[in-house]
Amino acid sequence: ATLATYTISGNAGVAGVTLRYVSGTLRSVVSDASGNYSITVPYNWSGTVTPSKAGYLFSPVNRTYSNVVANQAAQNYTAIPLYSISGNTGVAGATLSYTDVTPKTVTSRVDGSYSFMVPSGWSGTVTPTHACFTFSPASRNYSNLASNQASQDFAASVKSGCADVNVLVGGANQGR
């Protein structure tokens, strides 16, 4: 006798989304060009389906099923594009603070560059800080972000009392 199987199906929001789940072993399906997907699970299956694709967040983050004994249609996800905010602070080790649901930080690299991702529609403020530098502008504000934001640069000025630091400017070490 063959055991009954059921279909969990819906739309993942965009094409090329990998939906992972465990049914005996880790398995996955990929959404088609229209974002549609279909997963076949055995009678009484319990588990979680988690969508993922680089450059996107998903709402809901996943869907959990318990003892599936019927087809589950319209199991849709909303794909929320991520956009980058990037630029240069003029100094290595500057902390850029922002809030994306919770407070977060990113640290500028050796060449002063930084980059982080926020979801489409994000609004907030990015504020750089460093023990020995002040920045101009003091912060940058964003509202309802709908594209990547490049060249979001800050100019660094040495704070008094930090005169012995070496500043990396344009790739050249400038002794002060």
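Visitor: Is Lys-104 buried, partly exposed or exposed?

Guide: The model is a predicted one. Relative accessibility for Lys-104 is 33%. Buried requires under 20% and exposed over 50%, so Lys-104 counts as partly exposed.

Visitor: Which residue does the side chain of Lys-104 meet in a salt bridge?

Guide: Side chains of opposite charge can pair when their charged atoms come close. The structure holds 1 salt bridge, with an N to O distance of 3.9 Å. The cut-off is 4 Å. The partner of Lys-104 is Asp-100.

Visitor: What is the relative accessible area of Asp-100?

Guide: Lys-104 is partly exposed, whereas Asp-100 is buried. The limit for buried is under 20%. For Asp-100 the value is 12%.

Visitor: Which residues make up the covered face of strand β12?

Guide: Strand β12 spans residues 124–129. Its uncovered face holds Thr-125, Thr-127 and Thr-129. The covered face is formed by Gly-124, Val-126 and Pro-128.

Visitor: In β12, which residue is the bridge partner of Thr-95?

Guide: Strand β9, residues 95–100, pairs with β12 in the antiparallel sense over 3 bridges. Within β12, Thr-95 has as its bridge partner Thr-129.

Visitor: Which strands stand at the edges of the open sheet of 4 strands?

Guide: The order in this sheet is β3-β2-β5-β7, with antiparallel pairing. An edge strand here has a single partner strand, so one side of it is left without a neighbour in the sheet. On average, neighbouring strands are turned by 25 degrees against each other, direction ignored. The edge strands are β3 (25–30) and β7 (63–68).

Visitor: How many bridges pair β2 with β3?

Guide: Strand β2 covers residues 18–23 and pairs with β3 in the antiparallel sense. One of the bridges has Thr-18 and its partner in β3, Val-30. The number of bridges between β2 and β3 is 6.

Visitor: How many residues apart in sequence are the parts that the aromatic pair of Trp-45 and Tyr-65 ties together?

Guide: A search of the whole structure finds 10 aromatic pairs. Trp-45 and Tyr-65 form a tilted one, at 6.1 Å centre to centre and 40 degrees between the planes. Trp-45 lies in strand β5 (residues 45–52) and Tyr-65 in strand β7, so the pair ties together parts whose separation in sequence is 20 residues.

Visitor: Are Trp-45 and Tyr-65 buried or exposed?

Guide: The limit for buried is under 20% relative accessible area, and exposed means over 50%. Trp-45 and Tyr-65 are both buried.

Visitor: How is the pair of Tyr-114 and Phe-154 classed?

Guide: The ring centres are 6.4 Å apart, and the limit for a pair is 6.5 Å. Planes under 30 degrees apart count as stacked and over 60 as edge-to-face. The planes of Tyr-114 and Phe-154 are at 40 degrees, so the pair is tilted.

Visitor: Which backbone oxygen does the side chain of Thr-89 reach?

Guide: Thr-89 lies in the loop between β8 (78–88) and β9, and at 0% relative accessibility Thr-89 is buried. Leaving aside neighbours within four places in sequence, its contacts include Tyr-114 and Phe-154. At 2.7 Å, the side chain of Thr-89 reaches the backbone oxygen of Val-91.

Definitions and conventions: Residues are numbered from 1 along each chain as its sequence is written. This is a predicted model: local features need pLDDT of at least 70, side-chain atom pairs count only at pLDDT 80 or more; totals for chains, interfaces and linings use all residues. Side-chain values use heavy atoms; hydrogens and water are left out. Buried means under 20% relative accessible area, exposed over 50%, partly exposed in between (1.4 Å probe, protein chains only). Helices (H or I, at least four residues) and strands (E, at least two) are DSSP runs, numbered from the N terminus. Two strands pair if DSSP finds at least two bridges between them. A polar contact is a pair of N or O atoms within 3.5 Å; within protein, one must be able to donate a hydrogen and the other to accept it, and residues adjacent in sequence count only if both atoms are side-chain atoms. Contact means heavy atoms within 4.5 Å. Axes are lines fitted to C-alpha atoms, for helices over the stretch in contact, and angles run from 0 to 180 degrees between N-to-C directions. Rings of Phe, Tyr and Trp (its six-membered ring) pair if their centres lie within 6.5 Å; planes under 30 degrees apart count as stacked, over 60 as edge-to-face and the rest as tilted.
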